[in-house]
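Please walk me through this structure.

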Amino acid sequence: MTQSKPNFYLVAHSHGVSLLDAIANWREKFRVSGTPDANFGSAFQGWFNGSIIRDTFRTEVVEPTLPMEAIEAWVISFRDGLGALARLDTSGAGGTLQVVERFSRILASWNGPIPIVSMLNGNEPARTMLANSPAYDFLDAEIAGVEKGVPIIDELFIEQTISTWVDAVYYSLVAVKRLVNNPLVHVLPPPPRLNPHLSPYLEGMLDRATADDFLPDRLRVKWYRRYCRRLISYLAAIDCQVLAPPPEACTASGLLKEEYAEGISHANSRYGLLVARQLASTLGLAR
Amino acid sequence: MNPYSNLPRQNFWNASARAQDALEVDFDSGRKFVFSASDQFATAGSCFAQHFATQLAERGGRVLVAEARHPLVSESSEHGYGLFSARYGNIYTVRQLLELLEQAFGLRETVYDMVARPDGRWVDMLRPRAVPMGFASLEHARADRDYHLHAVRQMVEKLDVFVFTLGLTEVWINVEHGYCYPVVPGSVAGQFIENRHCFHNFSFAETVADLERVIGIVASNNAMARILFTVSPVGLVATAEQRNVMVSTTASKSILRSAVDAVVRSHSSCDYFPSFEIITSPYSRGKYWAEGLRDVNQSGINTVMDVFFRSRLPDFQAAAGDAAALTPAHQAHQEELEAALTEECDEMFLDPELRSRQ
C-alpha cells in the first residue's frame with residue numbers, strides 16, 4: 001500500500017514538541033532512556049539527554065478533528081550539537097551563506113510543492129525572562145511607558161541583542177528559500193507565560209522559583225514582541241509566511257495563559273492543537 | 001607673648017615654605033573631620049572632580065555609584081558611566097548643582113531640554129557630554145533624565161561624604177525657563193539663541209545663597225551626610241566678561257573660595273579641602289600645571305590625593321603613593337588617564353582652537 005504524501009514537512013527545535021504532541025503519536029519513534037528529569041514534564045523527557053530521534057520521520061496525524069493525514073518531521077534537539085543550521089560568513093566580500101550539511105541534505109529530499117513548516121529556534125527571548133541582572137527597562141513602540149527608578153537601556157543594545165536571536169532563524173530560512181522551492185511558513189514561538197514561578201517545571205533554569213526571579217510581565221512581553229516584530233519584517237522580505245500565536249491562548253496583556261504552558265518557556269499540546277488548526281487554515285488543508 | 005606665640009608650624013609662612021614636600025606643609029591642618037575606610041563618597045563638580053573620583057577609587061576609597069553601567073550596555077560604548085557617582089557630567093557652578101538637586105527632590109519641575117544631534121541621536125542639554133553616545137530618541141532622553149534624577153536622589157540619601165568641587169561663576173542661563181547650562185548652547189550641542197540664552201556671572205552673595213540651599217537639601221535628606229568642598233584650580237577656558245580670561249579666572253576662583261569659606265564656618269557638617277591651594281600656592285612654584293598652564297598635571301593630582309589620604313583617610317595612609325616613585329608603566333597609565341580626563345571637559349568646546357583638536 002502506498003503511503004499518502006505528508007501534508008507538510010516540519011523542521012523544528014523544542015517548540016515543535018507542542019505541535020507533535022497535539023497531532024501524532026510520534027513518541028513511538030524513539031525510546032526515552034535514563035532517569036526521568038524532574039526539571040521537565042513528560043513532554044520533554046528525552047529531549048535534552050540525547051534520546052530524541054535524530055533523523056527525519058513520518059508520523060500519522062491521529063487528532064481526528066484536523067484535516068491532516070501525516071507529516072514528515074525533523075526535530076532537532078540541542079544535544080545534536082548542530083548549532084545554527086545556517087549562518088552568514090562575513091569573512092568574504094558580500095558574505096557567504098553557510099548551511100549545515102545535514103540540513104542541506106534533508107531539504108534536498110523535501111524539494112517540491114509540499115509546504116515546509118518551521119518551528120526553529122524561538123526560545124532565545126526566554127533567556128531574558130530571569131531577573132538575574134540589575135533591574136532595567138527599555139522603550140517600545142507597541143508597549144508604552146517604562147518602569148520608574150530603573151535604567152533605560154538604549155535601543156542600540158536592545159536591537160543588538162535581538163539581532164543575534166533573529167539571525168539564527170532568519171539565515172536558516174534563507175537557506176530553505178535558496179535550496180528548495182517549497183512554500184514556507186514559520187511559526188512564532190509562544191509568548192512568555194503568565195505566572196512562570198507557578199510552573200511545575202523550571203526547565204533547569206532555576207532550582208526553585210518565586211515571582212521575583214522573573215522580569216516583570218510587561219518587560220518579558222516587550223522582549224518577545226520586539227523579537228517577533230523584527231523576525232516578521234525579516235521573513236516578509238524573503239516571502240516566508242509567519243504564524244502568530246493563537247489569540248485564544250494569550251491573555252489581554254500578551255502572555256501565554258497558564259493552561260497552555262509546558263514548563264516556564266514552552267507551550268503544551270493544547271497550544272499545539274491550536275497551532276495545528278492555524279496551520280491547516282493557512283496551508284488550505286481540507287478533508 | 002602674643003596670640004601667635006603658641007601657634008603650630010603650619011601657621012607660619014616661612015615654616016611652610018621651607019617644608020620638604022607638600023605632605024610636610026600640612027595644607028589641610030584646619031580640617032574639621034576625617035573619614036573612615038567604610039565611608040561612601042559621592043563626587044561632583046568640575047573637570048578637576050573627575051580626577052578626584054578616579055584617584056579615590058584607585059586608591060581603595062569607596063566611591064558611591066548611584067548610576068552604573070547595566071550589563072546589557074556594551075562596555076566599549078561611550079556610555080559615560082564611571083566618571084562621577086551619577087551621569088550628571090561636569091557641574092561647574094553651584095547653581096547648576098542646586099538646580100539638579102531641586103529637580104531630583106521634586107522641588108522644581110524637571111527640565112527636559114533635549115536636542116537632536118546631526119547623527120540623529122539626542123542630547124540632554126543639562127549634561128551634554130555626560131552621555132557621549134547620546135540617546136536613541138527624545139523619549140529615551142526624557143526617560144533617562146527621570147532615571148538620572150532618581151539616581152541623584154538615591155545618591156544623596158545614601159552617601160556618607162559628598163565631595164563637591166566648585167569650578168566656575170560664569171554661566172549661561174535659559175532666561176525663558178530659568179535654569180542654567182553647564183556650557184553655552186551651540187558649543188557642545190544645540191543652538192545658541194540670543195535673548196533666550198543669557199550670560200550671568202554669579203556674585204559672592206549669590207554663590208553663598210546657592211551653597212546654603214544645597215547644604216539645606218542634602219541635610220534635609222541625609223542628616224548624617226558630610227560635605228567636603230574643594231575649589232578647582234583649573235582656570236577658565238574662556239570668559240564672556242569684557243576682560244582678560246586670567247583676570248576672570250582670579251575673580252571667579254576668589255568668589256568661589258570666599259563663598260566656601262563663609263558656609264564652612266557656619267555648618268559643622270561642611271568642610272573645605274585645600275586642593276586649590278596645594279596646586280596654586282607659591283610653594284608649588286607652578287610645577288603642577290600641565291602644558292597649557294590651565295590643567296593640573298598628574299603629579300599635581302597625585303600630590304592632592306596624597307595629602308587628602310594622609311589628612312582625611314588615615315586608614316589608607318599606607319596606600320598613599322609618591323608621584324616621583326611611579327613606575328614607567330604606571331606613569332604611562334597616569335598620562336593616558338590625564339589625557340582622557342582632559343577630553344571630558346565640556347568647557348574646552350568654548351575655545352575654537354581647542355575645539356578643532358577634539
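Start at Phe229(B) in this predicted model. Leave aside its neighbours within four places in sequence, and Phe229(B) is in contact with Phe164(B), Leu166(B), Val260(B), Val264(B), Cys270(B) and Tyr272(B).

Two of these names come back in the largest nonpolar core. That core holds 178 residues. Phe229(B) and Val260(B) are among the residues that touch the most other members. Leu97(B), Val152(B) and Met155(B) belong to that group too, and so do Leu10(A) and Val117(A) from chain A. Helix H3 of chain A, residues 155-179, gives the largest share of this core, with ten residues. In soluble globular proteins, nonpolar side chains tend to be buried together.

Now turn to chain A and its sheet. The sheet is open and has six strands. Their order is S2-S3-S1-S6-S7-S8, and the pairing is mixed. S2 and S8 (241-243) are the edge strands, each pairing on one side only. On average, neighbouring strands of the sheet are turned by 25 degrees against each other, direction ignored.

S1(A), residues 8-12, pairs with S3(A) in the parallel sense, over five bridges. Here Leu10(A) stands opposite Ala73(A), and Val11(A) stands opposite Trp74(A). Leu10(A) is also one of the core residues named above.

S2(A), residues 57-60, pairs with S3(A) as well, but in the antiparallel sense and over four bridges. Phe57(A) stands opposite Ala73(A). Ala73(A) therefore has Leu10(A) opposite it in one pairing and Phe57(A) in the other.

Conventions
Residues numbered from 1 in each chain as written. Chains lettered and ligands numbered in written order. Predicted model: local features only at pLDDT ≥ 70, side-chain atom pairs only at ≥ 80, totals over all residues. Core = buried A, V, L, I, M, F, W, Y, C linked by C-beta atoms within 7 Å. Buried ≥ 20, exposed ≤ 12 C-beta atoms within 10 Å, placed from the backbone. Helix = DSSP H or I, 4+ residues; strand = E, 2+ residues; numbered from the N terminus. Contact = placed C-beta atoms within 7 Å. Pairing = 2+ DSSP bridges. Axes fitted to C-alpha atoms, helices over the stretch in contact; angles between N-to-C directions.
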